Amino acid sequence: MKPFTYARPSEASEAVAALAADPDARFLAGGTNLLDHLKLGVVEPSQLVDVNRVTSTAIEDLPDGGLRIGAGVPNSDLAADPRVRERYPAVAAAILAGASGQLRNMASTGGNLLQRTRCVYFADPTTPCTKRDLSQGCSAREGWARYHAILGTAADGCIATHPSDLAVALVAVDAQVQVLGPDGARTIPIGELHRLPGDDPTRDTVLAHGDLITAVDLPAPTPAVRNSTYRKVRDRASYAFALVSAAVALEVRDGTVADVRIALGGVAHKPWRATVAEAALRGRPATDDEFRAAIAAELDAAEPVRSPLGGNTFKLPLVTGTVVSTLRGLAGGTA
Amino acid sequence: MTGPTTVDGVPLDATPRPGQCLRTWLREHGHHAVKRGCDAGDCGACTVLVDGAAVHSCLYPAVRAAGAAVTTAAGLPEGPDDPRPRFAAAAGFQCGFCTAGMVTTAAAAPGPPSDPTARGRALQGNLCRCTGYRSIADALDGRATVDAGPAGAVGDSVPAPAAERIVRGAEPYTFDGEAPPGLAHLVVVRSPHAHARITRIDTRAAVALPGVLAVLTHENTPSVLFSTARHESRLDDPDDTRVLDDVVRFHGQKVAAVVGTDLAAAEAGARAVVVDYEPLPAVLDAETARAAPPIHDGKTASRIADPARNVVAALHEGVGSIDAGVAEARAAGGAVVTGTWRTGRVSPASLETHGSRAWLDDDGRLVVRSSTQVPFLVRDELARVLGRPPESVRVLTARVGGGFGSKQEMLTEDLTALATLVTGRPVQWELTRTESLTATPTRHPMRVAVTVAARPDGTLTALAIDVLSDAGAYGNHSPGVMFHGCHESMALYRCANKRVDAEAVYTTTPPSGAFRGYGLGQVQFGIESALDDLARELGLDPFELRRRAVVRPGDPFVASADPADHPDDLAFGSYGLPECLDLAQAALARDGDPAPTGPTWRVGEGMASTMIATIPPRGHRAQAVVALDAGRYRVRVGTAEFGNGTATVHTQIAASALGARPDQVELHGGDTDAVDVDTGAFGSTGTVVAGTAVARAAEALAGELRDKAAARLGVAPADCTLGPDGVTAADGRRVDLADLSGARGEGAHGGSPRSVAFNVHAVRVAVDTATGEVRILRSVHAADAGVVINPQQCRGQVEGGVAQGIGTALYEEIRLDDAGRVTTRVLRDYHLPQFADVPRTEVLFADTVDALGPFGAKSMSESPYNPVAPAIANAIRDAAGVRPRRLPMTRDRVWELCREADLPE
């Protein structure tokens, strides 16, 4: 590990200023991802600016019936909050689907959204990775690509997926991200926070250096959001990252889809809002055939990887099966 | 800062370095109840409470603990909620390395412990490689399974002598306890090529760095060839390895070692070493290795079978004629099955990684404290490599945090010893988890082609295997694994026509080595799968086919050689195989989880049976001395405890022979100073070889005590009885133990003759043909271990073996990319089974008494692993009609098989 300095400001504005003044500085929140990457040599910051004391650890009611989640709220507290469990079941389920108790106790809400991909090539500085270094190529395309993207990829570009379960659920409930930057505060819809790789896969989000997530707002829950869940498909019953996951919210009236939200994890560089499928389903009968047709339309644009060492074409039927069975469960009230 | 951190209630007033994690900081200040199992928040061995919340201290910045109350396993509050006594009472550990983290997590876990989902979720962040988690579930439930009473004879579930210390994190492992003054650290530079010649190493910049004490390379270390594998005979393994070589043969091979005053200095030095390589052709596929350029060219005296063809070891022999046997089956209207099966590269992944600490004692003797299963064999080879007399080297162990065969190697001791000799300082080297996963030996991947034929009644008429074993870059254990893998797997069945064609070949991939089962699991995956297909074709129940086809007392053990030409010392000391088949079949038919409902779920059953010799062939030595000292029995034995339970069993054996309580027995083992010889704790010998030596020593001492007491009391020795307090004559007069101090007995065992043990595993699974998910609904295991000396402990060995078998069957695989580089570099990418992944296995023991083992016991440590993967494969076949031919049977592989068979989506 390369040596670095450590700062622990007491105001958010100080933290933002500290980062703005040092292009190689990094925020340190829960540290579960950053400390790992420091040890692996994936990141080599000059300075760590601890934001633990400058971000709220409170979950507050908003006047419209929504919730404001302080960026410092540990994942374990967020999953355990009775308001979250009742109004946003997909959010609580998503957190519990990931990591371990020890990690959830440490990991923060803001940090969870900003965790880096778990692509094994990204995590190993001795292999080429275009996400670590734009001048390099992607090792995964010819390597182990089981966990990699099928949507929103560019030819020969990065095929990493975003690993956060929470972010997928937040996309499905249309959360708003509160950000404090060098130029002041602003709000970013969660669906616009994460980026597709495009021509700069080194950037996971639209945040600029020095931008600090201070809170995540959940809008008042719609009937669909109250009837939401998170389904994660992985290699085994316990702790593992998603091959495919889906945060799904559904309101059915008289057998017809009145409202639906579908966000997918494990399929793209960002949590993938399945807008094509949603549009196809609204106003249609809540049947398996309709569900299947809708997700098939969403996957029309998919480009699975056919790597010599294990591609990910299996994700197409896996997404279909996961989304269809989750919608079916929500329609029947048994999810 | 908001005041000092308190650790277990005591202020710790020291400032952590920037970037230092809480674990390292705590361990640096003597809090060794915090263990290091990984560095990435995957294993949970370092779990502590920070203000009551459980965290992985390896990912927790130490500075952030300022003002906080940190609690380790050593400082958990006593009382009704304290999980530690429950872990001791349930024998909720084997090696115990994970236990301190496990109890700390349990102490903070909310929710009702009896809810399996909540339990699984609570322990999601804690890995145990030994137990299979059943005993941990019992601990969480407060179910006591060890016998608390004072008895402790053979057959009782005596608790491990170290139990109380282990659950409090107080039992020292290799790197626990006070560090010697001036301790330096070693960091290794590793090869970025799968195969290359080193053309230049420039260490000048590294040596010039502050804190760098020495840099070792192939230019300044001995060039003597040896094998990292250790056996009773050093000729068993090819001498093809150097401490540091000028040719690297796998990605991750050590190239240079930098010694620094602290870890950071050594790491900085390692980054500054400049190495130039001339790449050589990589050979990544065992199938093409024999036609590739030689990887160990010119090593003519190294005992490599055919260096020009990259063949480490070869076996081509048979009895009878396979063609005739196949023709006989066909003519009789029987069946012939052929098929090819492949097994994966699996890591032993003990929670304590490899490592050692070397220093010079006051007499100038080189002392190495190592995480090893074979201290005596390491001493002998280390002396040879260093060119020193063996008596000038002492190797010892603390409690070893798991091994499973992987520590039957000399992987670190050569470098720490050399570093100490060069610098004059104590030096330690503890492998990181990534080093462990990328550069320490794995199970040999094998391709096993099987031909088996039978008459309609199940009489086998032909059994042939063609095995290709991937040795990796070095031949350590490759001959032994190949010969052993092809032996008991074939010898289990009676058949007039047998043939084995087997070769182990070099590739430029990480070396394969010893791992639980020693080749049997791989070969048996092929043979037991083929027999399942054979039973199907014959219309026989698979249990019934085994009953008809297995060897029985009176039969010779024939793998591929005529016993007239190759007599050996293997014998039926006992024979519980039919009973195991009956027990497993009956148990499978009852109970189990309900099958999931839905149109895509299919349910099926499968089984496999296996045999193992209780001792490795050609000698395995142990020696024990028992001395009576102030009313206590002090037992010296060479073998190390690494979770296999020998400390408990040896205590029980000595107590039984001496009529003593277990707490009167004190063991001193794992030390080349303890006795003269000990081959080591491998080949399932802890009970049958070292245990026999202990039994003989204790019996010799018992005889002497009776003689002495009889002389004093004027009675015949036969009329004297040993008890916990003394020796009592028939008339009730007694000589106190205290008056017999100084008496001693010695015992030894040479590892021959050898018996055979049997295992049968059976499962019911549900397969989702739409997703490829496999769920185990029922798991039963019947074992013939002879007299079970400690039922709870033996059950734990079986359950742990089954859990490792499930990992091999369904998830675990060290994967290489097309450059030969391991991509599964951390535990989150290498899936060890966790609490939620392992079903409960019902363990049943055959009621046999072995004529050869101590107290009628047989070994039961490696073998439970062997039948698990084929049993699961056979159940998948039964459920879905598809035949898995490659391990691990991951969800996507099963899904692909279901698609090829056009099963419902």
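Analyst: Helices (H or I, at least four residues) and strands (E, at least two) are DSSP runs, numbered from the N terminus. This is a predicted model, where local features need pLDDT of at least 70 and side-chain atom pairs count only at pLDDT 80 or more, while totals for chains, interfaces and linings use all residues. Residues are numbered from 1 along each chain as its sequence is written, chains are lettered from A in the order in which they are written, and side-chain values use heavy atoms, with hydrogens and water left out.

User: OK, how many helices and strands are there in chain B?

Analyst: Chain B has 22 helices and 31 strands.

User: And what does it span along its principal axes?

Analyst: The C-alpha trace of chain B covers about 85 × 80 × 60 Å. Its radius of gyration (over C-alpha atoms) is 27 Å, which agrees with a compact globule, because 905 residues would give one near 29 Å. That rule is 2.2 Å times the number of residues to the power 0.38.

User: How much of chain B is buried?

Analyst: 65% of the 905 residues, with buried meaning under 20% relative accessible area (1.4 Å probe, protein chains only).

User: Now the interface. How many residues does each chain put in?

Analyst: Chain B gives 48 residues and chain A gives 47, counting contact as heavy atoms within 4.5 Å. Together they bury about 4,200 Å², 53% of it on carbon and sulfur atoms. Buried area here is the accessible area (1.4 Å probe) lost on putting the two parts together, summed over both.

User: How many salt bridges between them?

Analyst: Five between chain B and chain A, where a side-chain nitrogen of Lys or Arg must lie within 4 Å of a carboxyl oxygen of Asp or Glu. One salt bridge pairs Arg825(B) with Asp124(A), at 3.1 Å from N to O.

User: Which elements of chain B supply that side?

Analyst: β4 (53-56), α8 (263-272) and α22 (891-900) of chain B each supply at least two residues of the side touching chain A. The largest share, four residues, comes from β4(B).

User: Switching topic: where is Glu430(B)?

Analyst: Glu430(B) sits in strand β17 of chain B, residues 427-430. Leaving out residues up to four places away in sequence, Glu430(B) touches several others, including Phe175(B), Thr353(B) and His354(B).

Conventions. Buried means under 20% relative accessible area, exposed over 50%, partly exposed in between (1.4 Å probe, protein chains only).
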